[in-house]
Amino acid sequence: MVGLKCFRTSKLWRFSRDIGQVEGSNPRTMGFDSIICDMSWCTWRLRNDMVFMKKKGCIEVLFIDVRLPHFMWIRSRCQLLGFDKFIPSYATATNKEISIGVNYGSGGSGIRKETGSHMGDRYSMDRQLLHHKSIISRISRLKKNTKFLRKCIYIVNIGSNDYINNYYMPDLYNTSHMYTKRQYAKVLINQYSGQLKSLYSLGGRKIAVFSLAPIGCSPIYINKFGTYGKPCVQKMNEAVTLFNDRLKALVHTLNHKKSDAKFTFINLGSILSPLGDVPMPNSPCCLVRKDGQCIPKSIPCPMRSVSIFFDGLHPTEVSNNIIATRSYSGVSQKDASPYDISQLAQL
């Protein structure tokens, strides 16, 4: 889901304290370093064997190399977070659940109101904030005190659809006719700034803001636009960079002006590029339609656990595990600034 999530952090402290207890190691990063290095090395080795040694790629070997034991390890350790199930959606959250966390995310939504409208109804960021306000009212009636919201972590991951389902659909939306890439990034960040300030005014004090991923490396756009010898669609990733640079600067400004709050920038560009400028494999795991989604009833690839993209656009569980672990405990200083989420939880 795209958008806003908030949840209490009492169990996160236990996770960061207990994970990876090896003498002489950093308990928050040792295990994650191992996962990322192993996956990156195994994928890179398979790619080199296929490209340079003309060997046939053996996906089963890669699957064994990566999954055992590391992804089994992360699956079991994540239980220490204390979440027995997913944070409930706004539409279904009960009065008992809302004090633990609520997911306001909406597939296809964006910063702008019109984004994704060709797909039907969805909740834009402004509507998600209205939903959060209604949840606060419910909590206030139940508990008579909402000060604990200042201790909650707010995850905000939105903006990709403002490009995917808006700017780069010129036949359906006029934004690419109205703005250059640089102008559009400025317009989006100005609106996003107001939304993050609204979240602050509603009590948010620990807010993790995710950058956009390099959407130009998605299979659908590589197939649609071509790469002209580059690994990804450069014009799309340039647009993403313009947005992300402004977003990181906005986070810095908010930390300066809202001294009682802790905003942090989670850099998906760094997290999803463990090999630096070399992109991760970007073949979809299914036969895709023109819109990049899987052809109904088509047979997916047999080893989905080692694919980065399930269809032409959406990440697999492996990708989401990488994002979750490195945003929680940064492997590189570029992953999160000024805090990763484990540090944010402890502030």
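Student: Which residues is aspartate 335 in contact with, leaving aside its neighbours within four places in sequence?
Tutor: Aspartate 335 is in contact with Phe265, Ile266, Asn267, Ser270, Ile271, Arg326 and Gly330. Keep in mind that this is a predicted model.

Student: Is aspartate 335 buried or exposed, then?
Tutor: Aspartate 335 counts as buried because its relative accessibility is 0%, and the cut-off for buried is under 20%.

Student: And what does the side chain of aspartate 335 reach at 3.0 Å?
Tutor: That would be the backbone nitrogen of valine 331.

Student: Where in the chain is the place of aspartate 335?
Tutor: In the loop between helix 11 and strand 6. Helix 11 covers 317-328, and strand 6 covers 336-337.

Student: Staying around there, what's up with the peptide bond from serine 337 to proline 338?
Tutor: That bond is cis, and its omega is near 0°. Proline 338 itself lies in the loop that runs between strand 6 and helix 12, with helix 12 spanning 341-346.

Student: New topic: what is the phi of tyrosine 228?
Tutor: Positive, at about 50°, although tyrosine 228 is not a glycine.

Student: Where is tyrosine 228 placed?
Tutor: You'll find tyrosine 228 in the loop between helix 8 (219-225) and helix 9 (234-257).

Student: Does tyrosine 228 count as buried or exposed?
Tutor: Exposed, because its relative accessibility is 76% and the cut-off for exposed is over 50%.

Student: What about lysine 297, what's its phi?
Tutor: Lysine 297 has a positive phi too, of about 70°, and again this residue is not a glycine. Lysine 297 is in the loop between helix 10 (268-271) and helix 11 (317-328).

Student: And is lysine 297 buried or exposed?
Tutor: With a relative accessible area of 88%, lysine 297 is exposed.

Student: OK, zooming out. How many helices and strands does the protein chain have?
Tutor: The chain has twelve helices and six strands.

Student: What share of the 347 residues is buried?
Tutor: Buried residues make up 46% of them.

Student: And how many of the contacts with a separation of 6 or more are between residues 24 or more positions apart?
Tutor: Those account for 69% of such contacts in the protein chain.

Student: Last one: what does the accessible surface of the chain come to?
Tutor: About 18000 Å², and 55% of that belongs to carbon and sulfur atoms.

Technical notes:
Residues are numbered from 1 along each chain as its sequence is written. This is a predicted model: local features need pLDDT of at least 70, side-chain atom pairs count only at pLDDT 80 or more; totals for chains, interfaces and linings use all residues. Side-chain values use heavy atoms; hydrogens and water are left out. Helices (H or I, at least four residues) and strands (E, at least two) are DSSP runs, numbered from the N terminus. Buried means under 20% relative accessible area, exposed over 50%, partly exposed in between (1.4 Å probe, protein chains only). A polar contact is a pair of N or O atoms within 3.5 Å; within protein, one must be able to donate a hydrogen and the other to accept it, and residues adjacent in sequence count only if both atoms are side-chain atoms. Contact means heavy atoms within 4.5 Å. Accessible areas come from the Shrake-Rupley method with a 1.4 Å probe; for residues, only the protein chains shown count as cover.
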